[in-house]
Amino acid sequence: MRTLVLALLATVAAAMPQSSTRSVLHFGHLWDGSKLVDNAVVVVEDGRIVSVTDRQTSAPRDAVDLRRYTAIPGLIDLHTHVTYYWDRKPGTRPLGQPRRRPAVTVFLAQENARRTLETGVTTIRDLGASNETDYAMRDLVAMGAMTGPRMFVAGQGISAGRGAAPDPPAMAKAAEDRIKAGSDWVKVYASRGSFDSVDTTQTLTFDEMKAIVDAAHAQGRKAAIHSYGASGVKDAVRAGADSVEHGIDLDDETIAEMVRRGTVWVPTIDHNRYYVDAKDEFGFKPEAIGPLQDYIAKNLESTARAFKAGVRIGMGSDAVYSMFGQNTRELEWFVKAGMTPAQALATATTTAADLLGEKDRLGRLAPGFAADIVAIDGKPLENIKDVITGVRWVMKDGRVVVDRLGQPRPANER
């Protein structure tokens, strides 16, 4: 059924008339991914950036006047679960909702996609969904049949059954199966830890992780490994993971190995802040909050040490349910960890694009790059909170997908 629906939508899209589109945008300031340009004019044609220039004279008459704003590249969230949808009905909780048909989930999850765009995130890496719902959303967005960030997806994550004996060949086959099904990435659950649990118990051996990573690489795909604890992170790095998700108590040896291999660490500090704030929505027990807060502190401490040592760090929200719309709050934690605002932005632009294999298309505002442009009300290179609260306009692939121009930020967000 999914194949039939997508085929019909593709036929409709192909039949629609195609026309050349051109936009001229005039910003007060523009951060292109490496430097700040004042009085910048961006020319966009057919979804790509043609030129970025600083104007010493007046802008062309046909330019859209965005001089009040600072432009930054469309941001990349490296860790989401966009199909985790909650309708917020009174008396319900995000966990334990009635099962929905996959097509219903895909339709409803458009709200999560919309909220994500409103944060200035135009690309996501979605790391875990059931029933191929993430594949369907990715394809629909790529076809233009659904509005949302472009998606790189992993399908169902790979994990070991409780009490199962280690079986590296079975794990390798599982990775191959995910790729054959349509996964862009292979997601691996190598430890416990999720929602209100910060259990760091490692659940996959080094040999199993390496078998998965090797199988993914042999098929031209990359692997992201979830590990809440130090031992799992160490083994994930040694196994050749392209990115490691979460993690605390990283020792100096692991950090040095990350630097040597170029491993990208996606610490997802803010997702546990979200669980603390949303404890009543989820119905978490009071005794769960202390361990969550302790994990946040350890996560931040390890991030600060890793950044200082030169580890490549990526922004990932681990957004689920009502966290969509808060995707970029991780950036504040990165500044607390010692980054400048520009370095924090790099975790969601140039570093993230490189990890996705898209460094020549995403993460910068330069000729030839996708026209993913975010207009910020404020000074994002001086105050990272302006990125979190100041998004007023978003273009993705040359099409405006968020337009809140002229809407001032509430006083409590300034």
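Modeller: Start with the salt-bridge network that links Arg-150, Asp-372, Lys-396 and Asp-397. Keep in mind that the model is predicted.

Colleague: Why is Arg-138 called buried?

Modeller: Its relative accessibility is 15%. Buried means under 20%, so Arg-138 qualifies.

Colleague: Which label does Asp-184 get, and why?

Modeller: Partly exposed, because its relative accessibility is 22%. Buried would need under 20%, and exposed over 50%. The side chains of Arg-138 and Asp-184 meet in a salt bridge at 3.0 Å, N to O. That pair links helix 4 to the loop between helix 5 and strand 8, 46 residues apart.

Colleague: How do you know that helix 4 is largely enclosed by the rest of the structure?

Modeller: Of its 11 residues, 9 are buried, so the helix is largely enclosed. Among them are Tyr-135, Met-137 and Leu-140.

Colleague: What makes the Arg-312 and Asp-354 pair a tie between separate parts of the sequence?

Modeller: Their closest N and O atoms are 2.7 Å apart, in a salt bridge. Arg-312 lies in strand 12 and Asp-354 in helix 14, so the pair ties together parts 42 residues apart in sequence. Arg-312 is partly exposed at 29%, and Asp-354 is partly exposed at 30%.

How values were computed: Residues numbered from 1 in each chain as written. Predicted model: local features only at pLDDT ≥ 70, side-chain atom pairs only at ≥ 80, totals over all residues. Heavy atoms only, no water. Buried < 20%, exposed > 50% of the residue type's maximum accessible area, 1.4 Å probe, protein only. Helix = DSSP H or I, 4+ residues; strand = E, 2+ residues; numbered from the N terminus. Salt bridge = Lys/Arg side-chain N within 4 Å of Asp/Glu carboxyl O.
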